[in-house]
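Please look over the model shown below alongside these comments. The points are numbered so that each can be taken up separately.

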Amino acid sequence: MAKYLAQIIVMGVQVVGRAFARALQQEFAASQAAARARSTGGQQSAAASSITGMSLQEAQQILNITTLTPEEIQKNYEHLFKVNDKSVGGSFYLQSKVVRAKERLDEELRIQSEQTQKSQQNTET
């Protein structure tokens, strides 16, 4: 009886150990893929996030933007800035968040335009 119990425990430990090793391998592969994706131009975007103190996703959520178009950014910015104006009972804190979100999105647009210019120059040469 004790022999069978020991075998069951050993087999259980082996199964859990293999599953853990497989999970570690998958996580390591995903981490490497994410690092490669970040290194292909994400460095400037990460720097912009640290400077403005706001991630790109947070800025898009604040201004309710799905695609980065200057017209949509400006339209939503103007609306939210006016709505949150202190003179109409708005919040200065929210208004400043709107301003920071617009700055972050403008910076991202600048980064993207620089990258497209570089890629166009590379294809021309």
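1. Among contacts in the protein between residues at least 6 apart in sequence, what percentage join residues at least 24 apart? With contact meaning heavy atoms within 4.5 Å, the share is 58%.

2. This is a predicted model, in which local features need pLDDT of at least 70 and side-chain atom pairs count only at pLDDT 80 or more, while totals for chains, interfaces and linings use all residues. Residues are numbered from 1 along each chain as its sequence is written, and side-chain values use heavy atoms, with hydrogens and water left out.

3. The protein has 5 helices and 0 strands, giving the pattern α-α-α-α-α along the sequence; helices (H or I, at least four residues) and strands (E, at least two) are DSSP runs, numbered from the N terminus.

4. Of the 125 residues, 17% count as buried, where buried means under 20% relative accessible area, exposed over 50%, and partly exposed in between (1.4 Å probe, protein chains only). The protein exposes about 9,400 Å², of which carbon and sulfur atoms supply 59%; accessible areas come from the Shrake-Rupley method with a 1.4 Å probe, and for residues only the protein chains shown count as cover.

5. Most residues other than glycine have a negative phi. Asn 64 is also exposed, with a relative accessible area of 59%.

6. Helix α1 spans residues 2-39 and contains Ile 9.
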